[in-house]
Amino acid sequence: MTEIALSQPLSGIADNALISAYLKGDEYAFEILVTRYQNKLVNYLNRLIHDYEMAVDLAQEAFIRVYRNANRYKGEYQFSTWLYRIATNLAIDEMRRRERKGRFFFYNVKERFQQDDGTRCLPDLRYSPEKSLDRTEKLERLQVAIDSLPEKYRFAFILKEVQELSYQEISKVLRISLGTVKSRVHRAKILLRGKLSGVL
Amino acid sequence: MTCKQVERILTENISAAEEAGVQAHIRNCRGCDKLSRELQSMGKLSRLLGETVQSPSDFSSRVHRRLSEDPVSRWQVYWRPAFVFTLVTLFSVGFLWVRESQMTEEVMVSSPSVVQEESVSGDDLQRLDAPEVPVSYVDVILSGPSESEYILRLPSRIRIQTTHVNHDFYLEHASY
């Protein structure tokens, strides 16, 4: 049985080696994978569904599926691709479920911009020369602009620019051609540039 | 290199081979220079966005708790295979039934002619509801698509609904 030594630095072990070790019975290998990807996954899911608790829940569900179906992982593409595929499918299911229930996706936006009297004050995204935006405000505006993108551009942009996956990985996660990925990312950036005039 | 080409290259990440050409264009094009700077800023902010949300500190232990609390459910182990088996069985039976009904040969009745008439009664008619009533039989010659002929012996009280098509007619429905 291959056991990964606790002293071995986490960054030095490839994902595929960890999956192989886990399949041979090393539970600690699975633990390392969770530690390595938990933040990225929660962040990714939170960007898509705007519900932190649900994002944590879905990220956990993604790891549970990895735990139970690791023997189905073929190794022909990266482990992260497989993990993001699972997470993306979970997010899409959740988004469809919420759409059916008629829930809107202003969750975080509503919380962020809710005033004391309960009314909402959505930010003015237009440029104001006398107002210099700090980084937090810029990030907030970028998030609002990303949220307003059509779904197909939003997924591609978040995976490429926020999660920093390669075009090839995104192509496999979303099951679309490489050319389509590039085209969607390009379109997303042009749309965002228009929405963030004066902010960038 | 045109502005459109530069825009495409900048949004899809510059390769080493394209770097020199794009830089030369940017130096002489204010619009593309602005685009380049804005896309760089967008990239930096996006990467920061990827670091702003952290998972809870007990994330890993919660995953393990869920794994121990929710071992593969009974639904997955027992009921789902049973459900799938039932569905497959029902589908197969339905498919065979439809296929069987489609295989029934459509028989064309050409000029049904009374070949023989006879009155019968008694035990021969026990399968009818009114055995006391004498019933005549009519033999109808049926010609099938493969030039075969069938003789169908029917009680004369049968009601035959026909549709005329080119002087032939089809036996559509028969009932006592």
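In this predicted model, the axes of helix 3 (residues 52-69) and helix 4 (residues 79-101) of chain A come within 9 Å and cross at roughly 135°. That angle makes helix 3 of chain A oblique to helix 4 of chain A, because angles over 145 degrees would count as roughly antiparallel and those from 65 to 115 as roughly perpendicular. The crossing of helix 3 of chain A past helix 4 of chain A is right-handed. The residues that meet are listed below.

| Helix of chain A | Residues in contact with the other helix |
|---|---|
| Helix 3 | A:M54, A:L58, A:A59, A:E61, A:A62, A:R65, A:V66 |
| Helix 4 | A:L83, A:I86, A:A87, A:L90, A:A91, A:E94 |

Helix 9 of chain A covers residues 178-195. At 1.5 Å a residue, its 18 residues should span 26 Å, and its end C-alpha atoms are 26 Å apart, which agrees. The buried residues of helix 9 of chain A are A:V181, A:R184, A:V185, A:A188, A:K189, A:L192 and A:R193. They cover an arc of only 165° around the axis, so they lie on the same side of helix 9 of chain A. An α-helix has 3.6 residues a turn, so residues three or four places apart point the same way. The face turned away from the buried side of helix 9 of chain A carries the exposed residues A:G179 and A:G194.

What do the buried residues of helix 9 of chain A pack against? In chain A they pack against helix 6 (135-147), helix 7 (151-162) and helix 8 (167-174), and in chain B against helix 1 (3-11) and helix 3 (30-49).

Chain B has five helices and six strands, running α-α-α-α-α-β-β-β-β-β-β from the N terminus. Of its 176 residues, 8% are buried.

Terms used
Residues are numbered from 1 along each chain as its sequence is written. Chains are lettered from A and ligands numbered from 1 in the order in which they are written. This is a predicted model: local features need pLDDT of at least 70, side-chain atom pairs count only at pLDDT 80 or more; totals for chains, interfaces and linings use all residues. Helices (H or I, at least four residues) and strands (E, at least two) are DSSP runs, numbered from the N terminus. The expected span of a helix is 1.5 Å times one less than its number of residues. A residue is buried if 20 or more other C-beta atoms lie within 10 Å of its own, exposed if 12 or fewer, and partly exposed in between; C-beta atoms are placed from the backbone. The arc is that of the directions from the helix axis to the C-beta atoms. Two residues are in contact if their C-beta atoms, placed from the backbone, lie within 7 Å. Axes are lines fitted to C-alpha atoms, for helices over the stretch in contact, and angles run from 0 to 180 degrees between N-to-C directions. Angles under 35 degrees count as roughly parallel, over 145 as roughly antiparallel, 65 to 115 as roughly perpendicular and the rest as oblique. A crossing is left-handed if the near helix is turned anticlockwise from the far one by less than a right angle, and right-handed if clockwise.
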